[in-house]
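Colleague: I am new to this structure and would like to be walked through it. Could we start with the charges and then move on to the fold?

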Amino acid sequence: MTGPSGCGKSTLLHVSVGLLRPRTGRVELFGVDLQGRDEALLARVRRRTVGIVMQYGQLVPDLSLTDNVALPLLLEGRPFADARHTAESWLARVGLAGCETATPAEISGGQAQRAAIARALVTTPRLVVADEPVASLDTRGGDDMMRLLVGHVRTYGATMLLVTHDNTIAARADREVRLRDGVVDYQVKLS
């Protein structure tokens, strides 16, 4: 999704996975009508099917990067050692080998975004929701992380809803939806 700041892109992402409730209409996510569901059910649905990369990482401040990435696996009941091993593998894939014990306060914004991408992909989600996922990275780092995100989608037949202001990132999408003033301005199939 593209569009000017304040047009509703992030809000639409949040509504699409039940983080916000729509004022009208309904949202169905993988066969589950999200309207009127309790937060525990919504959290379970998201945890099992969605990987979320927020614009500013949204890591748990008191946890190490390994524990931040392992958290979704632990919440699903994976054994502690297995979850930590998988998390460390993902940290290496996003270029954060050697930073496993660091907390979010001890790393840069770009490193936090990389860790958030690892946490979003660690569960092999069917849907990746990404709000400016590489905005804090330099061009090369952003390209690397976009290749990783798009590679996940292609490899696992997943879907990605992506918000960006960057036209080069938007050009990687199969379809662009442009919002203006809270409504769809246009859609175009890119590939």
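Colleague: How many positive and negative side chains are there, and how far apart do the centres of the two sets lie?
Modeller: This predicted model has 23 positive and 21 negative side chains, with the centres of the two sets 5 Å apart. Lys and Arg count as positive, Asp and Glu as negative, while His and the chain ends are not counted. Each charge is placed at NZ of Lys, CZ of Arg, CG of Asp or CD of Glu.

Colleague: What is the radius of gyration?
Modeller: The protein has 16 Å, which agrees with the value near 16 Å for a compact globule of 191 residues. The radius is taken over C-alpha atoms, and the globule rule is 2.2 Å times the number of residues to the power 0.38.

Colleague: Changing topic, how many helices and strands does the protein have?
Modeller: There are 7 helices and 7 strands, as DSSP runs numbered from the N terminus (helices H or I, at least four residues; strands E, at least two).

Colleague: Which residues of H3 are buried?
Modeller: In helix H3, residues 65–75, they are Leu65, Thr66, Asn68, Val69, Ala70, Pro72 and Leu73. Buried means under 20% relative accessible area with a 1.4 Å probe, protein chains only.

Colleague: And what covers them?
Modeller: The cover includes helix H2 (39–49), helix H4 (80–93) and helix H5 (109–121).

Colleague: What comes just after H3?
Modeller: Glycine 77 takes a positive phi of about 95° there.

Key:
Residues numbered from 1 in each chain as written. Predicted model: local features only at pLDDT ≥ 70, side-chain atom pairs only at ≥ 80, totals over all residues. Heavy atoms only, no water. Buried < 20%, exposed > 50% of the residue type's maximum accessible area, 1.4 Å probe, protein only. Contact = heavy atoms within 4.5 Å.
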